[in-house]
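Please look over the sequence and the model shown here before reading on.

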Amino acid sequence: MKKGFNYIAIAVLSLGMVSCDTAKKETTTDAEKARVDSMMQVAQQPIKSILTAEEQASMTPDEIIGRLKKGNENFVSNNLTQRDHSSQRRLATIGQYPKAIVLSCVDSRVPVEDVFDLGIGDIFVARVAGNIENKDIVGSMEFATAVAGSKVVIVMGHTACGAVKHAIDNTDAASMGMNALSDLLAEIRPSVDATEKNGEVSSKNVAFTNSVINTNAKQTVEDIRKQSPKMAELEANGTIKIVPAVYDMETGKVVFLK
């Protein structure tokens with residue numbers, strides 16, 4: 001009986017030790033989890049600050065383009081940065097130091113700030129159907145770069161662009177009483193003519209249409225350089241870069257063109 005009692009006592013003691021080890025592991029796991037949760041909460045705190053003059057001045061055009069590419073990766077992966085817009089809005093009343101200006105189409109399916117994971121005060125945005133330049137747009141770009149210090153100018157076309165499609169199809173907007181739209185489409189047609197023909201010249205030809213969209217973005221960049229000696233000078237001395245890009249409506253990815 002005594003011997004049996006000893007076996008039982010050893011078994012109970014062993015179970016107690018196992019229970020203590022398990023409790024210790026659970027406690028350790030809970031502590032680790034708490035630390036991870038705390039770190040995640042800090043990481044997920046909404047950004048309250050806006051871009052400063054010092055930060056703008058310290059960045060090179062290439063660095064800015066790199067940051068915009070990273071921001072676009074966040075957009076594509078649905079991992080946008082959390083921002084405290086109320087705080088940013090109040091800070092922005094003091095001044096603005098955007099790092100870039102983006103010329104985009106007016107298409108409602110191209111949310112420019114979101115596409116680059118940006119917030120209040122980060123970029124200037126100009127929009128016009130077909131992302132073409134005109135005097136007002138170029139004047140706005142001169143203000144953004146020569147006056148406000150932005151170092152990158154992006155002309156961003158997008159796939160399935162309605163303005164480009166109508167330019168390809170020679171839509172007669174004037175006959176429908178839209179003279180201004182007719183003039184706008186006329187600004188895009190040189191890009192249609194300059195694009196290598198690969199099949200039917202029609203907006204139904206998706207490959208050709210995409211080629212025209214690329215050509216149009218590149219042509220707008222060249223036209224900006226011609227219309228603005230000041231920006232051409234800033235680019236020549238390395239202060240700014242003027243680059244074409246295309247936003248893919250299906251994937252959300254922005255491709256910077258050579």
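At what angle do α9 and helix α10 pack, and how far apart are their axes? The model examined here is predicted, so local features need pLDDT of at least 70 and side-chain atom pairs count only at pLDDT 80 or more, while totals for chains, interfaces and linings use all residues. Residues are numbered from 1 along each chain as its sequence is written, and side-chain values use heavy atoms, with hydrogens and water left out.

α9 and helix α10 (residues 229-236) pack at an angle of about 105°, with their axes 5 Å apart. Axes are lines fitted to C-alpha atoms, for helices over the stretch in contact, and angles run from 0 to 180 degrees between N-to-C directions. α9 and α10 are therefore roughly perpendicular to each other (65 to 115 degrees; under 35 counts as roughly parallel, over 145 as roughly antiparallel, and the rest as oblique). Ile224, Arg225 and Gln227 of α9 meet Pro229, Met231, Ala232 and Glu235 of α10, where contact means heavy atoms within 4.5 Å. These contact residues comprise 4 nonpolar, 1 polar and 2 charged.

Helix α9 (residues 206-227) also packs against helix α8 (residues 179-194), at an angle of about 120° and with the axes 8 Å apart. That angle makes α8 oblique to α9. On the α8 side the contact involves Ile188, Ser191, Val192 and Ala194, and on the α9 side Phe208, Val212, Thr215, Asn216 and Gln219. Here the residues divide into 5 nonpolar, 4 polar and no charged.

The strands come next. An open sheet of 5 strands has the order β2-β1-β3-β4-β5, with mixed pairing; two strands pair if DSSP finds at least two bridges between them. β2 (123-127) and β5 (254-256) stand at the edges with a single partner strand each, so one side of each lacks a neighbour in the sheet. Strand β1 (residues 100-104) runs parallel to strand β3 (residues 152-158), and 5 bridges join them. Helix α3 (residues 61-76) lies across β1, β3, β4 (241-247) and β5, at about 15° to β4.

Within strand β1 lies leucine 103. Is leucine 103 buried or exposed? Its relative accessibility is 0%, so leucine 103 counts as buried (under 20% relative accessible area, with exposed over 50% and partly exposed in between, using a 1.4 Å probe and protein chains only). Beyond its neighbours within four places in sequence, leucine 103 is in contact with residues including Ala126, Ile154 and Thr220.

Definitions and conventions. Helix = DSSP H or I, 4+ residues; strand = E, 2+ residues; numbered from the N terminus. Nonpolar A, V, L, I, M, F, W, Y, C, P; charged D, E, K, R; others polar.
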